[in-house]
Amino acid sequence: FNPITMEMYDGVKGGGAFVNGRPLRVSEVDEPERAGVIMEFGSDRSEGKVRKLVEHVEKALQGNFQCVRAFGACSLNMCNVAAGKVRGSR
């Protein structure tokens, strides 16, 4: 559930995924310049993980994407990918 947008996501293996009772569809966009991507930063702040995270953020920001976002919850990231609101999650 996303309390900000009042969207309830649910799904059943083999039965589809839904938001507020409506079927979800992933994005059909295949050009990066038209695609939004999401990043999740996690909780590990070890030196190696932070270095890798900075590399991923740099690549995403220098990429040819329409936008780069971080919603702050991995579950919402996946829901937004399933709903076609963004192209992918890293």
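1. Val86 is buried, with a relative accessible area of 3%, where buried means under 20% relative accessible area, exposed over 50%, and partly exposed in between (1.4 Å probe, protein chains only).

2. Which residues does Val86 touch, once those up to four places away in sequence are set aside? They are Ser27, Gly36, Ile38, Asn80 and Val81, a contact being heavy atoms within 4.5 Å. For Ser27, which is 59 residues from Val86 along the chain, the C-alpha atoms of the two are separated by 6.9 Å.

3. On provenance, this is a predicted model, in which local features need pLDDT of at least 70 and side-chain atom pairs count only at pLDDT 80 or more, while totals for chains, interfaces and linings use all residues. Residues are numbered from 1 along each chain as its sequence is written, and side-chain values use heavy atoms, with hydrogens and water left out.

4. The chain has an average pLDDT of 88, and 97% of its residues score at least 70; pLDDT is the predictor's confidence in each residue, from 0 to 100. Confidence in the chain is highest in strand β3 (residues 22–23), at a mean of 96, and lowest in strand β6 (residues 88–89), at 56.

5. The whole structure contains four salt bridges, each defined as a side-chain nitrogen of Lys or Arg within 4 Å of a carboxyl oxygen of Asp or Glu. One of them joins the side chains of Lys85 and Glu7, at 2.8 Å from N to O. Because Lys85 lies in the loop between α2 (74–82) and β6, and Glu7 in the segment before β1, this pair ties together parts that are 78 residues apart in sequence. Lys85 is partly exposed, at 41% relative accessibility, whereas Glu7 is buried, at 12%.

6. Another salt bridge links Lys52 with Glu55, with 3.9 Å between the closest N and O atoms. Both residues belong to helix α1 (residues 47–62), where they are three residues apart, about one turn of the helix. Lys52, at 46% relative accessibility, is partly exposed, and Glu55 is partly exposed at 36%. Arg34 also forms a salt bridge, with Glu31, the closest N and O atoms being 2.7 Å apart; Glu31 is partly exposed, with a relative accessible area of 28%.

7. Turning to the strands, three of them form an open sheet in the order β1-β2-β3, with antiparallel pairing. β1 and β3 stand at the edges with a single partner strand each, so one side of each is left without a neighbour in the sheet. Strands count as paired if DSSP finds at least two bridges between them. Strands of a sheet pair through backbone hydrogen bonds, either parallel or antiparallel.

8. Strand β1 (residues 9–12) is joined to the antiparallel strand β2 (residues 16–19) by four bridges, and Asp10 stands opposite Phe18 in β2. The hairpin of these two strands has three residues between them, and there Gly14 takes a positive phi near 80 degrees. β2 also pairs with β3 in the antiparallel sense, over two bridges, with Val19 opposite Arg22 in β3.
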